[in-house]
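Work through the exercises below with the model open. Each task is followed by its solution.

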Amino acid sequence: VLMGAGIPKEIPGVLDRFAAHEPAQIKFEVEGMGSDTAYLSFDPRVHSEKPPVAVKRPYFLPIIASNSLATMLTRKATGRVDGFVIEAPTAGGHNAPPRGELVLNERGEPQYGERDVVDLEKMKEHGLPFWLAGSAGSPEALAQALDAGAAGIQVGTLFAYTEESGISPKLKQDVIRQAQEDRIDVLTDGRASPTGFPFKVVQIGGTMSDPSTYGKRERVCDLGYLREAYRRQDGRIDYRCAAEPVDTYVKKGGVAENTEGRKCLCNALFATIGQPQVRKSGLPEEAPLITSGDALKNIRRFIGSDRAGYTAGEVIDYLMSGLKRAMPTLQRSEQHAGR
Ligand SMILES: Cc1cc2nc3c(=O)[nH]c(=O)nc-3n(C[C@H](O)[C@H](O)[C@H](O)COP(=O)(O)O)c2cc1C
């Protein structure tokens, strides 16, 4: 189980309990709860009639972007943490916000600095394996990661445009063509994600990165994976999303400024994998949005100026091509199982 965003300190304990078929609960973050606490609970026994089969507790690897979060999780997690993925702000998808005061460049991108670099020497003190993510997709970066004490790397961007990837073929082709023509542009968009976290967006016409495509979309929240919970005046818990219709969001107590520039990632990302929701007549179907890391232009090595595609196997062969020793495996962390 890999988990980023937030402080997943209750998850290890939940995994322990679920693996033993015991009920578990975690705190439910609800805005406006004051001193009350809401919980989310689940009892696996309610859903199994026969005596349940034994299951192995999965490994738990939190995705972190700071030494302090790693230290906090090793000390305060409710169960075993098996290692860490350390994600740099160059990685595709959501990024952790920069530490300290928020400074934006002229394109509105949050600026990262020295304070956002994780100290790997300090990471080693936890005695747990860690993997480096974010522009780590090269044999050189893999060698450097291993030299610095990492167990390996986590790579996303290079795989996103392979034949095996679920991104729709047309979009893959558009990005591949952009790479061939050296026109790749990835924006760290501080506004797009309704979560408020920076989100990497490939700038490409016909997708939600294009102001005219964004402007044509009628706001609707009908998937809801990124909603936040809040307590209504009558005490009930409800949900709102900064990318839903502005008046609805404000009626639910949200602040209007919060909605500016927000994009419905739920609908857009479904469109990206070729599953756009079809809207009532007259409205365009949902447009896609592509996320990738800052190192996206490196896909050029697989396609040159004439190839239309490449495979995940080619990426793996490339990444492993400089390897002179065996990669450590997660087995290492079994030593920590009793901690
Ligand atoms: C298309 C795409 C989608 C991603 N979606 C998620 C996600 O949903 N959750 C997550 O934790 N990381 C996500 N990531 C980040 C990857 O897990 C990984 O950490 C990152 O891609 C590594 O850096 P790289 O982009 O430089 O290869 C995504 C990355 C890409 C390229």
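**Exercise 1. Find the residues that touch the most other members of the largest nonpolar core.**

Start with the term: a nonpolar core is a set of buried Ala, Val, Leu, Ile, Met, Phe, Trp, Tyr and Cys residues joined through side-chain atoms within 4.5 Å. Buried means under 20% relative accessible area (1.4 Å probe, protein chains only). The largest such core holds 44 residues. Phe84, Met123, Tyr161 and Ile299 touch the most other members. Apart from this core lies another, of eight residues, including Ala192, Phe199, Val201 and Leu265.

The model is predicted: local features need pLDDT of at least 70, side-chain atom pairs count only at pLDDT 80 or more, and totals for chains, interfaces and linings use all residues. Residues are numbered from 1 along each chain as its sequence is written, and side-chain values use heavy atoms, without hydrogens and water.

**Exercise 2. List contacts of Phe84, leaving aside neighbours within four places in sequence.**

Contact means heavy atoms within 4.5 Å. Among the partners of Phe84 are Leu61, Pro62, Ile64, Ala70, Leu73 and Thr74. Met123, His126 and Trp131 are also in contact with Phe84.

**Exercise 3. Describe the chain as a whole.**

Begin with burial: buried residues make up 41% of the 339 residues. Next, take contacts with a separation of 6 or more: residues 24 or more positions apart account for 62% of them. Then take the extent: the C-alpha trace spans about 60 × 60 × 50 Å along its principal axes.

Note on methods
Buried < 20%, exposed > 50% of the residue type's maximum accessible area, 1.4 Å probe, protein only.
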